[in-house]
Amino acid sequence: MQIEFVNHASVLIRHGEVGLLTDPWYAGPAFHKGWRLLVETPEDRIADLLTRTTHIWISHEHPDHFSVGFFKRWGDTIRARGIGILFQRIEDQRVARFLRNEGFSLTEMTFAQGHDLGDGVTATCLKDEFYDSLLSIRAGDRHILNLNDCAVATEARAREIHDVVGDCDVLLTQFSYAAWKGGRDNRAWREEAAREKLNNIRVQAKVFHPKQVIPFASFVAFAHERNSYLNDAANTPDSVAEAFASAEFDLRIMRPGDVTDGTPDPEASARAATYWREIYARPLSDPMTYESRDETAIRAAFEGWRARVFANNSRAAMRMAQRLSPIRVLQPVVVRTDDIDMTWRIDPAAGTLGVTQDEPDLTMHSESLHFLFSNSFGFDTLGVNGTFEEARTGGFSRAARSLAIENLNNLGLRFGPGLLFEPRIIGAFLERLRKVSARMKGVGKHEAPEV
């Protein structure tokens with residue numbers, strides 16, 4: 001068994017004739033011009049990888065894991081070589097539908113069911129939270145657990161996974177935060193988020209007892225002029241190495257092209273650390289920017305958003321939820337688009353978009369608002385790329401409870417009879433919003449009314 005690090009969350013796991021490539025994103029921006037790779041993978045390197053690949057696993061739909069650009073660029077090669085694609089079996093068929101329409105050989109993996117890839121390699125996919133997934137790979141007598149950026153932060157959650165897959169020899173896991181963390185004035189939240197990622201690794205190592213831990217899935221930069229400040233507290237390979245200098249497991253830092261069979265190699269790890277230290281020291285060059293959208297374009301995009309929302313949800317149930325839900329969902333949200341100096345009041349239940357002088361909840365560029373309305377994953381992308389600011393305390397929570405309705409729809413959840421009092425959804429919203437609210441206190445914003 002060999003693990004070759006490629007880039008970000010992508011590794012090639014080889015055993016016998018089987019080559020399992022994970023989450024290939026090798027070039028171009030992600031999350032609506034929000035992220036860039038710290039280094040891109042040359043095309044000749046990708047071509048060589050695909051000669052040794054028999055299967056590609058996609059963990060989830062986020063573009064740093066499911067790169068449409070990769071599959072468009074390399075589709076002919078993938079089809080010609082008969083490379084099979086592995087993806088979780090879920091109700092949301094957008095990724096699966098794309099892959100089938102492109103003519104790829106797709107296997108939808110039933111959760112907790114082993115899939116024989118040949119030559120003594122078995123892969124088992126497990127669900128994590130709403131849309132993420134992890135992969136357990138048994139190759140001969142070795143067990144590799146790829147958590148990518150699954151939120152395995154507690155011993156209880158780790159033990160749930162351990163009950164299915166057991167101990168592992170090699171653990172691959174995310175090592176830094178990867179979403180908006182509180183705005184320019186809230187570095188404390190980002191520092192805490194960075195510490196939490198390190199603590200996640202401690203929890204995972206305690207439960208899964210890996211002999212080797214490979215930190216990955218965080219080799220990116222917030223690369224837009226509006227979000228580059230978010231890099232200020234991100235973990236680096238050096239900070240991970242410092243945190244686990246006395247750990248019982250071997251911490252293996254890897255640079256592109258490095259290969260491990262799970263055997264400790266301190267010299268190779270040190271060379272990789274030096275490589276990344278030089279990469280992280282480079283100043284961000286040529287930050288990405290947006291282009292303004294005028295009122296006509298924003299209203300047209302909103303009409304598309306409104307049509308999708310009302311096609312997928314009961315208007316009566318939305319209005320009832322707006323009035324009666326214990327967590328006050330679907331309330332009107334006010335967004336200021338600062339580049340065109342316009343402030344908008346969005347009422348999802350009424351299906352209206354109006355210009356207002358009210359105090360905004362969020363401030364963003366008009367292209368961000370246009371993108372949000374134009375894509376069913378728009379609010380999810382906004383939350384990850386962080387190219388907005390909270391204009392008053394509670395603004396992001398308020399917006400999430402209203403503008404993230406399509407996130408629920410993409411998970412197969414609709415506002416209709418029963419959803420209003422669905423405890424799983426209510427609980428998930430409350431927990432996430434509780435964490436956001438706790439971290440936003442004391443940042444110096446204007447206080448918002450209780451919501």
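Predicted model: local features only at pLDDT ≥ 70, side-chain atom pairs only at ≥ 80, totals over all residues.

Biologist: Why is His209 called partly exposed?

Modeller: Buried means under 20% relative accessible area, exposed means over 50%, and partly exposed is in between, with a 1.4 Å probe and protein chains only. His209 has a relative accessible area of 48%, so it counts as partly exposed. Residues are numbered from 1 along each chain as its sequence is written, and side-chain values use heavy atoms, with hydrogens and water left out.

Biologist: Where does His209 lie?

Modeller: In the loop between H5 and S13. Helices (H or I, at least four residues) and strands (E, at least two) are DSSP runs, numbered from the N terminus. The phi of His209 is near 50 degrees, a positive value in a residue other than glycine.

Biologist: What is the phi of Lys33?

Modeller: Near 60 degrees, and that is again a positive value in a residue other than glycine. Lys33 sits in the loop between strand S3 (18-22) and strand S4 (35-37). Its relative accessible area is 30%, so Lys33 is partly exposed.

Biologist: How do you know that Cys150 is in no disulfide?

Modeller: A disulfide is a pair of cysteine sulfur atoms within 2.5 Å. For Cys150 the nearest cysteine sulfur, that of Cys125, is 8.5 Å away, so by that cut-off there is no disulfide. Cys168 is in none either, with the nearest cysteine sulfur, that of Cys150, 13 Å away. A search of the whole structure finds zero disulfides.

Biologist: Are Cys150 and Cys168 buried or exposed?

Modeller: Cys150 has a relative accessible area of 4%, so it is buried. Cys168, at 2%, counts as buried too.

Biologist: What makes S8 and S15 edge strands?

Modeller: Start with the open sheet of seven strands, whose order is S8-S9-S10-S11-S12-S13-S15, with mixed pairing. Strand S8 (114-118) and strand S15 (250-251) each have a single partner strand, so one side of each is left without a neighbour in the sheet.

Biologist: How do you know that S13 and S15 pair?

Modeller: Two strands pair if DSSP finds at least two bridges between them. Strand S13 (residues 212-216) and S15 have two bridges, in the parallel sense, so they pass. Val213 stands opposite Leu251 in S15, and Gln212 stands opposite Asp250.

Biologist: What makes S13 mostly covered?

Modeller: Five of its five residues are buried. Gln212, Ile214 and Phe216 point one way from S13, while Val213 and Pro215 point the other way.

Biologist: Why is the crossover from S12 to S13 called right-handed?

Modeller: S12 and S13 run parallel, joined by five bridges, and the chain crosses from S12 through H5 to S13 as a β-α-β crossover. Right-handed means that, with the strands pointing away from the viewer, the path from the first strand over the helix to the second runs clockwise. This crossover is right-handed, so its path is clockwise in that view.
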